[in-house]
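Here is a guided walk through a protein model, meant to be read with the structure open beside you. Take your time and turn the view as you go.

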Amino acid sequence: MALRHAVLAALLDGEHSGYQLTKAFDVGVANFWHAQPQQLYLELAKLEKDGLVTGRQVIQETRPNKRLFTVTDAGVAELQRFAAAPAKPSFIRDDLMVKVQAADAVETGEVVRQLDERIQLADAKIEVFDKLLHRMRGKRDEETFLREGDRVGPYLTCLRGRRFEAEHRAWCVRVAAVLRARAAN
């Protein structure tokens, strides 16, 4: 997947400025695609040049002017092409996993501290996902929303992000407990 596809998918929710897109990435898209704000602004310029998004200038009296971007029909066609292409398998690339892999040869106190830190980060992310999921579905229960909601894609990716964080948290709790027990012996 290229960053362009993640940006196009994020813009399906409607017109966004670069700043709004950055915030959307921080909250919803970051659970499956990470990008720095500078990368997003550069990608928006490329997408506009390629005709996959259109931008319009908004004059603001009390703040700097901004540009709002919308996906074009060509952008939707690009997403369709991308959706039809075979998906590459996902993989984990995590420094903490390397540290745990080396646990038999290193002092594990610092590794356990980092695991505890990850548990706290996962707790915070789970809380954000829970709020976002609730906001997306409103007063509907999840099954009703999944059956009848207008934009189910962002909800489904947030569900995956939440599940990933919960599973990652459980793994960190288990590994920290094992390393603590082994250090105590």
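The paragraphs below go from the nonpolar cores to the helices and then to an aromatic pair.

A word on the ground rules: this is a predicted model, in which local features need pLDDT of at least 70 and side-chain atom pairs count only at pLDDT 80 or more, while totals for chains, interfaces and linings use all residues. Residues are numbered from 1 along each chain as its sequence is written, and side-chain values use heavy atoms, with hydrogens and water left out.

Let's begin with the cores. A nonpolar core here is a set of buried Ala, Val, Leu, Ile, Met, Phe, Trp, Tyr and Cys residues joined through side-chain atoms within 4.5 Å. Buried means under 20% relative accessible area, exposed means over 50%, and partly exposed lies in between, using a 1.4 Å probe and protein chains only. The largest core has 18 residues, and V7, L8, L11, L21, F25 and L40 are the ones that touch the most other members. At least two residues of this core come from each of α1 (3–10), α2 (18–27), α3 (37–49) and β3 (66–71); these labels follow DSSP runs numbered from the N terminus, with helices being H or I of at least four residues and strands E of at least two. The largest share, 5 residues, is supplied by α1. In soluble globular proteins, nonpolar side chains tend to be buried together.

There is also a second, separate core of 11 residues, with V100, A103, V111 and L179 among them. Look for A103 in the loop between α5 (95–101) and α6; its relative accessibility is 14%, so A103 counts as buried. From A103 to P37, 66 residues away along the chain, the C-alpha atoms are 36 Å apart. V111 sits in helix α6 and is buried, because its relative accessible area is 6%.

Now follow α6 itself. This helix (residues 109–137) has 29 residues and reaches 42 Å from its first C-alpha to its last, close to the expected 42 Å, where the expected span is 1.5 Å times one less than the number of residues. Buried residues in α6 include Q114, I119, I126, F129 and R137. V128, also in helix α6, counts as partly exposed because its relative accessibility is 41%. Between V128 and R162, 34 residues apart in sequence, the C-alpha distance is 8.8 Å.

How does α6 lie against α8? Their axes come within 8 Å and cross at roughly 155 degrees, where axes are lines fitted to C-alpha atoms, for helices over the stretch in contact, and angles run from 0 to 180 degrees between N-to-C directions. That makes α6 roughly antiparallel to α8, since angles over 145 degrees count as roughly antiparallel, under 35 as roughly parallel, 65 to 115 as roughly perpendicular and the rest as oblique.

We finish with the aromatic rings. Rings of Phe, Tyr and Trp (its six-membered ring) pair if their centres lie within 6.5 Å, with planes under 30 degrees apart counted as stacked, over 60 as edge-to-face and the rest as tilted. The count comes to 1 aromatic pair. The ring centres of F145 and Y155 are 4.7 Å apart and their planes are at 50 degrees, so this pair is tilted. F145 belongs to helix α7 (residues 142–148) and Y155 to helix α8 (residues 152–184), and both F145 and Y155 are buried.
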